Amino acid sequence: MACESERCMSMLEVQNLEVYYESVWGNYKAVDGASFKTHKNEVFSIAGESGCGKSTLVDGILRLIKPPGHIPSGKVIFEGTNLLKIPEDELRGIRWVKMAYVPQGAMNSLNPIIRVEEQMTDAILDHGSMSKEEARELAGSMLKEVSLPVEVARMYPHELSGGMKQRVIIATAIALKPILIIADEPTTALDVVVQKGILQLLESLKEKYGMTVIVVSHDMAAHAQIADRIAIMYAGKVMEIGSIYDVFEQPLHPYTKGLISAIPAIGKKYVKGIPGLAPSPLNWPQGCRFHPRCPHAMDICSEVEPTMKEVSPERHVACHLYQ
Amino acid sequence: MVKISGFAIFILKKVLIYTVTLFLAFTLVFWVLRLIPGDPWSRFVDNLRILAIDPQISREFIEGYKRKFGLDKDIFTQYILYLSNLFLRFDLGISIASYPTPVQVVIMRSLPWSIGLLAICVLISWSIGIVAGAFIGWKHRSKLSSAMFTIALGMSQIPYFIMAILLIMILAYGFGLFPGRWAFSPSVTPGLNPAFILSVIRHGFLPALSIVVTSFLGWLVSTRALTMTILGEDYLLFAEAKGLKKIRMLNRYVLRNLLLPQATGLAISLGYVVNGAYVVEYIFQYPGVGTLLIHSFRFLDYNLAQGIIFVTMFTVLTANLIMDFLYPLIDPRVRTQGK
Amino acid sequence: MSQSLVELKNVSKVFRIGGGLGLTSRRTIKAVDSVSFTIPSDKATITALVGESGSGKTTIAKIILGLIEPTSGEVLYRNRRISDWLKKNRMGYLREVQPIFQDPYSVYNPFYRIERELEKVIKKFKLASSKAEKREIMLKALKDIGLRPEDLLGRYPHQLSGGERQRFMLTRILLMKPRLIVADEPVSMIDVSLRSIFLDHLTSFEDKLGISCLYITHDLNVASYVADSILVLCHGTVVEEGPKDAVIGDPLHPYSKLLVSSIAIPDPKRRWKEKTDLTSIESFENLKVGEGCVFSARCPYAREVCKQKAPPLVQIRSERKIACFLYSNFK
Amino acid sequence: MSQLLGTLKQRASAFISLFKRSPTLIVGVALLSLIIFLAIFAPIIDQYRLEGHKATDLGYFEKFLPPSLKHPLGTDHFGRDVLGLHLTGLKFSLIVGALAGSVATLISVCIAVIAGYRGGIIDSILNGVTNSVLVIPSLPILIVVAYYTRLDLVGMCLTLAAFSWPWSTRVIRAQVLTLKERTFVDLARVSGQNGFEIMFAEILPNLIPYIIVGLGFSVIGAIFAETGLRIIGLGPPTVVSLGLLLQQALQYGLLTQKRYAEVMSMILLLISIFISLNLINKGMDEAFNPRLKKVTGQ
């Protein structure tokens, strides 16, 4: 992929990452060979329905997988180093300094019995050489950054609303000015108006600090509003990658087409869903995993698994229609 | 309605529940004692007459005693009189076993021994149990910690008095390392001299050990389970993602969140610990309130028995109340309930 | 008075929190604040009740279902108070008003097999006289909803996916054929691709079986797709009411305008134009006001009068009602 | 009814899978079944071994016989076969524990379900009583009752049950409160079921794991109290439980006579009861506690 310009120097590259969970009923292949590349200073979206493995993918990238989950194979190249192989303390050095994370359950990701301020400064103190006083000031300015009154610092998590907790976590994430932020389902369980505020806040991080923001969500409308490029995930694999405009205008993969046409939106008279049900990670369907629900399914689809192909610059799809 | 801050509401509610429970407990004990068939109380008074040397003095004394506790009137006035004596003048009546000393004096003599033994054992087993439990929970993946854990798991519910007999058999009779009886050897004169203190420690070692061993394991097991649930919480995952140092995570995130539930657990377990400790005192003939209570039945000394039960209830419930006041310090959510 | 299917007259519900023992301050929250609206009975309609979390929409649903009583005001079903219905003819009322709940993962009793819900309903409402008939109507209902009986019956709730469970609720509705469905955010927890199938069934109930539906949601996209008329709820008060296209196409009340402008349109070319002022998106619950218009704390057009008096719900155009002083002189 | 039987059959297979998940449960159940097996079959074997005499009859054998094939643990100062005696003691201890434990669990289930589901005044009263009985040390009151009312086995068990129910009531009530909020209760109400049906047909079946844990705790509590009372010399003499045997051992100075094996066997039997019940409780907790499962990954 000959693209040397500064703009598309790759920030994070995931090469067929696999995350499996052993369970009593067999091997639970949540992420089964996902690959994608993100550039500097862009909002990269990962879309997919529940059970497609997008959150597990994020946990894999951040190496937060707990037993019985494990990573059999795959690489996560972040600024030249493979995060999966470096020792624990070196990884700790990277966490929060270069790579921050806004977790899915933001509502209970704050320690309930210590003040908000302390949860912000402990990350700063454990990484930087700052004094307690400087850390507290930085925390205060970060709260202003996400338009929260400074008094919030002295409050406890149970005194904050859902939207405010989400913003405290984003403030904590940007405190050390990391170059990459991964936000997992930042807008679920929030009201429409608050959602708009959070999404625009994430977008502003790209513009103001030149950060790369990876947004993981099942809400296609949210991606449409702020994303530069988008990857569609289904059954543990990445099906299609492209710029947001290309993917929405002419989706290539049948699943993406179905997904976009299934969104009930204002003014849309008729909405067609995708028949059938999501497959189970205990035994993914043979060949292309979407073939049982795919309107264009050919014989080859149920035997051979399609590989990811670059149909045009920065535009990938894994489907036999384009092989 | 006057607006009172959340914290005050919390305190008010706790004090109210405390007084109601205390009152209910006393009533329960009073009536249970009155259920004894054959109206032992009048026989108790006649025994007083036999003990007195000079019949004349004893007759006035006994009439005065009857009037004070209304023994001739119906049960209900007896109850009212008894409670007023108890709460207003802290007078629990006369003990037969050590006639004529009043019950409260007898109790005060042996209460320090019980409180001393109990307080030390409970605090040691609770604090070490929590730290060890948190550590084992933190390292629950390692083979060693899970092996240690299964032993602890098994032993954690054995009653103290069975452990006491076991320890007496092995350490006292078997190896003769520690004395298996009394609180200090008769050859030592009680007082603040080192010999006495050393003897108290040597004698107190086995009773304390029999209480500490099982309750420590009990706290270890419950804390480990609690630690593992906390480790599964989202805020722990977020702390790890923040790349915090291990010590800070264990200290500020795991231990801090352990304190409240285990503090509640400690308050509730007090009643259970006291039960076991009294029997342990009896086995070691340790001069605490427990032995006194059990012997008081042998001498049909109802007043003493009733007095000891009241004092036990009072101490356990008061300890609970004090624990309730500690919660807001541990967990801010309790403090800002009202907001 | 035209025969209305459901009519709410100034219904309010106040919840008491904390306090107790009489001597402490008791915080009261007015979840529903004198709400009135009617669902017509002449033809089957789907009425959408749209509001953010904490706006009282689920409380209204529970009041209509008879699960909780209103603190004040009246709820009439076919011109008869539902408190009478529930006292004298509870089964009759339940026979005609049935819910679809939001969370498919906690709506079934995990101990029993999934078909027990259907058997319970058939037994309680005597929908079948014999075992054979019972089995037959169950199979028919399952097939009509597009579920395969052979891989559903005999299984436990945790063995079904979210989509299957929510469609199983539709089977229960199809069995009972009530007059009114109260659906509380039925699709918010299932995947987008399965939502449209669910919503199509709902609209087919309306057209083919004449079953009206009170559809409760926070998602204006879904409301605009499935509903005939929309009521906008803010802090427990109806602030705007009207036909779907009118309310979405040309929202009048400032709160409706804010809601419509905040919707994320799934099209990269139609992105949000203005930036939301982050400080204004304080959480919805914290901005409850004591008196005056419920939206006055956040309304850009708020005037002095809005802070003192609560504007009444006034009819301003055919079928359009609004509760805002901007339009009060518009009569 | 057939539907319920079907469910139970289905449940049995779920129960088996439960065992696979938690080794502590397997060890606990194995130990408990061994104890119960011993308690039941020991008296039957003793018929032959002791030529028709009951293990508790006095003076049928020589005193202080050394351990032999006929008397694996020899005989005691009354000429009673020690092994047979201890196993009978085990039987009685188990009977007291089981009877008192199940009565206590019955009380706690009823109080917990009614208090949890009804809520309001009833809940605060019942909850208040539970918490005060839980906190009050029960032994002193048990001593008074045991001393003055000549109790037989059933009387003893009822008294013990009266003080060992609060712990499991708290556990089960907390569970009822969470279940009551679940949507399937609203669905049951809307499907025409009344309060009684919801409490006992919808909520109760989901409490079974917690009731089993509650039963475990109550049995442990009852045996703890019974042994405690016995050691201080109280309780009906007709019920020869391990506690009574321990008390007699202390009274007749077995320790001074250095007959440790006898005392040790009594202690081991008692300890094995506590260990097995405790392992079962912790195993059930591990298998059914959702958050714990998330971490251990079963």
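I am working with a predicted model, in which local features need pLDDT of at least 70, side-chain atom pairs count only at pLDDT 80 or more, and totals for chains, interfaces and linings use all residues. Residues are numbered from 1 along each chain as its sequence is written, while chains are lettered from A and ligands numbered from 1 in the order in which they are written.

**Entry 1: chain C, domains**

The contact between them takes nine residues from domain 1 of chain C and 11 residues from domain 2 of chain C; I call two residues in contact if their C-beta atoms, placed from the backbone, lie within 7 Å. On the domain 1 side of chain C, helix H8 (220–226) and strand E9 (229–234) each supply at least two residues. Helices (H or I, at least four residues) and strands (E, at least two) are DSSP runs, numbered from the N terminus. By class, that side of domain 1 of chain C has three nonpolar, five polar and one charged residues. Here Ala, Val, Leu, Ile, Met, Phe, Trp, Tyr, Cys and Pro count as nonpolar, Asp, Glu, Lys and Arg as charged, and the others, Gly among them, as polar.

**Entry 2: chain A meets chain B**

How many residues of chain A are in contact with chain B? I noted 23 residues of chain A against 22 residues of chain B. Helix H3 (residues 116–127) of chain A gives the largest share of chain A's side, four residues. That side of chain A has 12 nonpolar, six polar and five charged residues.

**Entry 3: strand E1 of chain A and its partners**

Next I followed strand E1 (residues 10–23) of chain A; two strands pair if DSSP finds at least two bridges between them. A hairpin of two residues joins E1(A) to E2(A), and A:Val19 stands opposite A:Val31 in E2(A). Four bridges link E1(A) to strand E5 (residues 75–78) of chain A, again antiparallel, with A:Leu12 opposite A:Phe78. Two bridges link E1(A) to strand E4 (residues 69–70) of chain A, also antiparallel, with A:Tyr20 opposite A:His70.

**Entry 4: the nonpolar core**

A nonpolar core is a set of buried Ala, Val, Leu, Ile, Met, Phe, Trp, Tyr and Cys residues joined through C-beta atoms within 7 Å. A residue is buried if 20 or more other C-beta atoms lie within 10 Å of its own, exposed if 12 or fewer, and partly exposed in between. The largest core has 367 residues, and those with the most contacts inside it include A:Ile181, B:Ala164 and C:Tyr215. Leaving out residues up to four places away in sequence, A:Ile181 touches A:Ala100, A:Val102, A:Ala173, A:Leu205, A:Met211 and A:Val213.

**Entry 5: chain D**

Chain D has 13 helices and zero strands. Of its 298 residues, 48% count as buried. Among chain D contacts between residues at least 6 apart in sequence, 73% join residues at least 24 apart.

Which residues of helix H8 (residues 183–190) of chain D are buried? I listed D:Phe184, D:Val185, D:Asp186, D:Leu187 and D:Ala188. The buried residues of H8(D) pack against helix H7 (166–181) and helix H9 (195–203) of chain D. After H8(D) comes D:Gly192, with a positive phi near 90°.
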